[in-house]
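User: I'd like to learn how to read a model like this one. Could you walk me through it, feature by feature?

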Amino acid sequence: MSQIKTIAIKEFKDYFISPIAYIVIALFLIVTGWFFFSTFFIYSRADLRDFFALLPIVFSFFIPAITMRLFAEERNVGSYETLLTMPVSFFHIALGKFFAATAFAGAMLIPTLSYPLFISFIGDLDLGPVAGGYLGAIFLAGAYCAMGLFASALTRNQIIAFIIGCALCFTLTILNRMLFFMPPKIVTFIEYIGASSHFTNFSKGILDTRDILYFISLIVIFLFSTHLVMQEKN
Amino acid sequence: MIEIQDLTKYYNDFCAVDHVTLSVRPGEILGLLGPNGAGKTTALRMLTGYFRPTSGRISVKDLHMPQDTLKIKSLIGYLPESAPLYHNMLVYDYLTYVAELKGLANKNQQQERFKALSDLCGLSGIMHKPIATLSKGLKQRVGLAHAMMTDPEILILDEPTSGLDPNQIAEIRDIIRNIGKEKTIVFSTHILSEAEATCDRIVIINKGKVVADDTTASLKKGALHDSFIRLTLKGPDPQKAQDFLTAMDQQLEITALAPEKDGLVSFEIRSPANRDVRPDIYLKIKQTDWIIMELAKEAQALEKIFQKLTREDA
């Protein structure tokens, strides 16, 4: 347990030692701020619905950028060997890195708390959906981090890890918009697989165990796959 | 201490380590020798639990891989080749990270250990420098401190002196010899004089197979029966001197070497069956007016054994 914590803290600090953290957070704020506020005043609605609607698509590009280095860089530099020959298991390493990435994604969301703060000054903001949305955002970020981690474990090339990660996250994000292509029999199934509908429930302020279970199973599946890949690569 | 049985590793079709059986006794310094690509690193990586063997068994003390891998890892300190470290960390932060991963969580104990390691490995001046700015020798020392963090019973070092300058090589060797008084050390190298100077026992591997396994002394004595003597004379005409020596003993095989300076003549004399012919040569030359500048038994015996055992056609 303490190994997971040590690895998580080290990986989390790594983001802030290098310029990665500052660039990613700044860019994330610019992108979400621009798209959110460009239409915000048109509807004159005091809520964050459009912000949360943006998140899955923005995350599917930003999260793989955060996770791409986690395994690929270690493999490339060779420090993976040093790490694996210490008394830690694959399980410790995968979980430690996963928590670090998720925590960083959480840190990325903190500055966006200024949006609801600002909106609450100019209108009557309902706090329920906002709180639900942020909780959902953490679950969504966790699921995408697990997928990005899996992509990073596949290769020693960070660019390939990024592209595979984006492809995985993007597929889950847009699956719901592709429903009209699907045969009617599997539509409900595909809708359940896609991440957007589950996240939308959160951002409406609905806490449904099915949605929580969906994200947790996604995290478990991809962390387990990461574990398998690590074992297979040795 | 360490028992390896029939250890084999395939990379796809390529057999890197081929049925290696070895045992390392407690307190022994074992040198793993072999040309590049012989399978030294692969063997060490399996021993440290980084690679999974294709087949074969590894046990350390009473622990067996793979079920006790975690416990075995905590008994072993490992320095990989060219010490791959996290470049963006400070040395001190890195050591703290390693200490915590290896279960040394108490801050006071950590400080004490850091002090001891910094004396042993000479880290005192670089504790607060980023690892990326260190020279290769310094990185190697940080790697060594990493390996020795929890004072493990077994140290495994993969080419610890490769790429270092002669002073650094001497320092690392001193450190190894110092630690080796109490610990079991396995290290790989392709520098023969290094193995000769530091090891109790030498294992030579070639193309994944063990081709020699013996103590350093008996390996030098046993494997090659002929001994080589180097003789340098001042005064004589080269041809005359060679005839003179040949006439002395028909069994000797004499090769003239390129002269170092004018007036000097050098020979390599090979005598069969490990017979020391130096007294005979001295007595014979005493009768002439030539001056003996050098009369020495070649110390390169190990090099010749190595070449013989690992030559491509062997």
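User: Where in chain A is confidence lowest, and where is it highest?

Analyst: The general idea first: where pLDDT is low, the predicted coordinates should not be read in detail. Chain A averages a pLDDT of 90, and 100% of its residues score at least 70. Within chain A, helix H10 (residues 187–193) has the lowest confidence, with a mean of 84, and helix H6 (residues 90–109) has the highest, at 94.

User: On to chain B. How many helices and strands does chain B have?

Analyst: Chain B has eleven helices and 14 strands. Its C-alpha trace spans about 75 × 45 × 35 Å along the principal axes. Chain B has 314 residues, and 36% of them count as buried.

User: Which domains does the assignment give for chain B?

Analyst: Domain 1 covers 2–221 and domain 2 covers 227–306, according to the domain assignment. Taken over C-alpha atoms, the centres of domain 1 and domain 2 of chain B are separated by 42 Å. Where they meet, six residues of domain 1 of chain B contact five residues of domain 2 of chain B. On the domain 1 side, helix H7 (192–198) and helix H8 (216–222) of chain B each supply at least two residues. By class, that side of domain 1 of chain B has four nonpolar, no polar and two charged residues.

User: And the nonpolar cores? How many residues does the largest one have?

Analyst: The largest nonpolar core has 133 residues, and A:Leu140, A:Ala143, A:Ala146 and A:Leu149 have the most contacts inside it. Helix H8 (residues 127–154) of chain A gives the most to this core, with 15 residues. Domain 1 (2–221) and domain 2 (227–306) of chain B both give residues to this core, so it lies between them. Apart from it there is another core, of ten residues, including B:Leu233, B:Ala241, B:Val265 and B:Phe267.

User: Which residues does A:Ala146 touch?

Analyst: Setting aside residues up to four places away in sequence, A:Ala146 touches A:Phe98, A:Leu218, A:Ile219, A:Phe222 and A:Leu223.

User: Last one: how many residues does each chain bring to the contact between chain A and chain B?

Analyst: In general, the size of an interface is often given as the accessible area lost when the parts come together. Here we can count residues instead: 19 from chain A and 21 from chain B. Helix H1 (2–17) and helix H5 (79–84) of chain A each supply at least two residues of the chain A side, and H1(A) gives the most, with six residues. By class, the chain A side has six nonpolar, ten polar and three charged residues.

Terms used:
Residues are numbered from 1 along each chain as its sequence is written. Chains are lettered from A and ligands numbered from 1 in the order in which they are written. This is a predicted model: local features need pLDDT of at least 70, side-chain atom pairs count only at pLDDT 80 or more; totals for chains, interfaces and linings use all residues. Two residues are in contact if their C-beta atoms, placed from the backbone, lie within 7 Å. Helices (H or I, at least four residues) and strands (E, at least two) are DSSP runs, numbered from the N terminus. Ala, Val, Leu, Ile, Met, Phe, Trp, Tyr, Cys and Pro count as nonpolar, Asp, Glu, Lys and Arg as charged, and the others, Gly among them, as polar. A nonpolar core is a set of buried Ala, Val, Leu, Ile, Met, Phe, Trp, Tyr and Cys residues joined through C-beta atoms within 7 Å. A residue is buried if 20 or more other C-beta atoms lie within 10 Å of its own, exposed if 12 or fewer, and partly exposed in between; C-beta atoms are placed from the backbone. Domain bounds come from an automatic or database domain assignment. pLDDT is the predictor's confidence in each residue, from 0 to 100.
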